Amino acid sequence: MADRGSPPILCLMGPTAAGKSAATLALADRWPLEIVNVDSATIYRGMDIGTAKPGREERRRVPQHLLDIRDPAESFSAGQFRAETLRLIADIRGRGRIPLLAGGTMMYFKALREGLDNLPQADAVLRAQLNARAADVGWPAMHAELARLDPVTAARLSPNDSQRIQRALEIHALTGQPMSALLTGQAAPADAGLRYVNLSLEPSERAGLHARIEQRFDAMLEAGLVDEVRRLRARGDLSPDLPSIRCVGYRQAWSYLAGEVHGAEMRGQAIAATRQLAKRQITWLRALPDRLAVDCLAPDSTARVIDAAAATLDASLEAAGDPR
């Protein structure tokens with residue numbers, strides 16, 4: 001995809017509760033943007049409250065892509081995200097507009113920027129077998145099994161990281177090789193012709209972000225998160241093993257409705273899981289060398305994002321003969 005003469009692609013990244021939605025709308029008020037949502041949860045239909053999905057008014061103000069594109073019973077891989085996003089970037093630019101990639105699923109950003117290793121596709125039957133074994137022995141025992149088969153991968157995973165343990169065991173079963181041996185850097189080539197401006201909303205101190213996370217989850221509960229999960233459970237074809245139900249907040253509400261925890265436990269577990277997610281997101285962001293970091297806790301954080309984007313975007317548009 002040729003990039004000569006085109007403005008760079010804006011990437012607005014940050015942990016959960018960092019204020020990405022407000023900054024996204026402010027950017028769209030300044031430049032002719034279309035948003036590509038980089039979020040592994042907002043892709044699911046019927047999962048609106050717990051994903052903080054953009055509402056009708058936000059979608060009216062600016063075109064949004066990769067929302068409500070999958071049923072919760074379906075999956076959506078990083079490879080599929082990459083292919084869809086490259087197509088959308090070309091389409092958006094073809095309309096004379098600027099792509100804004102906004103969200104907090106860092107695996108998706110990585111897949112887009114760096115390409116993907118040639119790993120086997122998911123196998124539904126094998127995954128069901130692994131989940132059945134895990135139900136009997138627990139994920140720490142599955143992690144111990146992985147440590148025997150692939151100690152390099154196991155060393156970087158928590159014993160309760162069910163999704164990644166499952167994937168590593170699946171890859172070993174399908175290929176006979178440890179995943180660490182397959183992640184050789186021989187990835188499907190990234191699109192080197194694209195230029196990115198990475199804007200990163202990051203907290204200057206942990207307590208402030210934790211307070212936001214707690215407030216946001218309480219707001220989700222008040223807005224009807226439990227009822228939203230109750231409707232998903234009532235379908236009868238969903239389970240906690242699916243990527244959709246493993247999303248933070250949904251997993252805990254599902255356990256509450258199953259009678260496994262009481263309300264206060266559910267709230268505490270969801271907030272703790274969200275904090276852990278935010279920690280992983282921040283760790284990934286701080287390892288990104290070319291990011292423009294903005295303190296998401298600053299009262300003028302949105303204005304700072306605008307200034308950071310303008311420093312590159314306005315000059316690029318002017319050079320291209322667009323005075324916007």
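This is a predicted model: local features need pLDDT of at least 70, side-chain atom pairs count only at pLDDT 80 or more; totals for chains, interfaces and linings use all residues.
Biologist: Which domains does the domain assignment give for the protein?

Modeller: The assignment gives domain 1 as 9-116 + 188-321 and domain 2 as 124-182. Taken over C-alpha atoms, the centres of domain 1 and domain 2 are separated by 27 Å.

Biologist: Let us turn to strand S1. How many residues of S1 are buried?

Modeller: In S1, 5 of the 5 residues are buried, so the strand is largely enclosed by the rest of the structure.

Biologist: Which strand is joined to S1 by 5 bridges, and which pairs with S1 over 4 bridges?

Modeller: Strand S5 (residues 196-202) runs parallel to S1 and is joined to it by 5 bridges. Within S5, Asn198 is the bridge partner of Cys11. Strand S4 (residues 98-103) pairs with S1 over 4 bridges, also in the parallel sense. Here Met13 has Gly103 of S4 as its bridge partner.

Biologist: Which residues line the largest cavity?

Modeller: Its lining consists of Cys11, Met13, Phe109, Arg113, Asn198, Trp284 and Leu288. Strand S1 (9-13) and helix H4 (106-114) are the elements that give two or more residues to this lining. By class, the lining residues of the largest cavity divide into 5 nonpolar, 1 polar and 1 charged. The bridge partners Cys11 and Asn198 are both among the lining residues.

Biologist: How much space lies in the second largest pocket?

Modeller: The second largest pocket contains about 250 Å³ of space. It is lined by 13 residues, of which Arg206, His210, Lys279, Ile282 and Arg286 are the closest to its centre. H10 and H13 each supply at least two residues of this lining. The largest share, 7 residues, comes from H13. The lining of the second largest pocket comprises 4 nonpolar, 4 polar and 5 charged residues.

Biologist: How is a salt bridge to be read, and how many does the structure hold?

Modeller: Side chains of opposite charge can pair when their charged atoms come close. The structure holds 24 salt bridges.

Biologist: Which elements hold Glu214 and Arg267, and how many residues apart are they?

Modeller: The side chains of Glu214 and Arg267 meet in a salt bridge at 2.8 Å, N to O. This pair links distant parts of the chain, since Glu214 belongs to helix H10 (residues 206-223) and Arg267 to helix H13 (residues 263-286), 53 residues apart. Glu214 is partly exposed, with a relative accessible area of 30%, and Arg267 is partly exposed at 27%.

Biologist: What separates Arg167 and Glu170 within helix H8?

Modeller: Arg167 and Glu170 are 3 residues apart in helix H8 (residues 162-175), and therefore separated by about one helical turn. Their side chains meet in a salt bridge at 2.7 Å, N to O. Because buried means under 20% relative accessible area, Arg167 counts as buried at 19%. Glu170 is buried as well, with a relative accessible area of 0%.

Biologist: Which residues are linked with Arg59 and Asp68 in a network of salt bridges?

Modeller: The network links Asp48, Lys53, Arg59 and Asp68. The side chains of Arg59 and Asp68 meet at 3.2 Å, N to O. Arg59 is partly exposed, with a relative accessible area of 32%, and Asp68 is partly exposed at 24%.

Biologist: Finally, is Glu222 buried or exposed?

Modeller: Glu222, in helix H10, counts as exposed at 72% relative accessibility. Its C-alpha atom is separated by 39 Å from that of Leu313, 91 residues apart along the chain.

How values were computed: Residues are numbered from 1 along each chain as its sequence is written. Side-chain values use heavy atoms; hydrogens and water are left out. Domain bounds come from an automatic or database domain assignment. On a 1 Å grid over the protein atoms alone, a cavity is a set of points where a 1.4 Å probe fits but cannot get out, and a pocket is an open set with protein on both sides within 12 Å along at least five of seven lines; lining residues have an atom within 4 Å of a point. Ala, Val, Leu, Ile, Met, Phe, Trp, Tyr, Cys and Pro count as nonpolar, Asp, Glu, Lys and Arg as charged, and the others, Gly among them, as polar. A salt bridge is a side-chain nitrogen of Lys or Arg within 4 Å of a carboxyl oxygen of Asp or Glu. Buried means under 20% relative accessible area, exposed over 50%, partly exposed in between (1.4 Å probe, protein chains only). Two strands pair if DSSP finds at least two bridges between them. Grid points are joined across faces, edges and corners, and a volume is the space filled by probe spheres set on the points.
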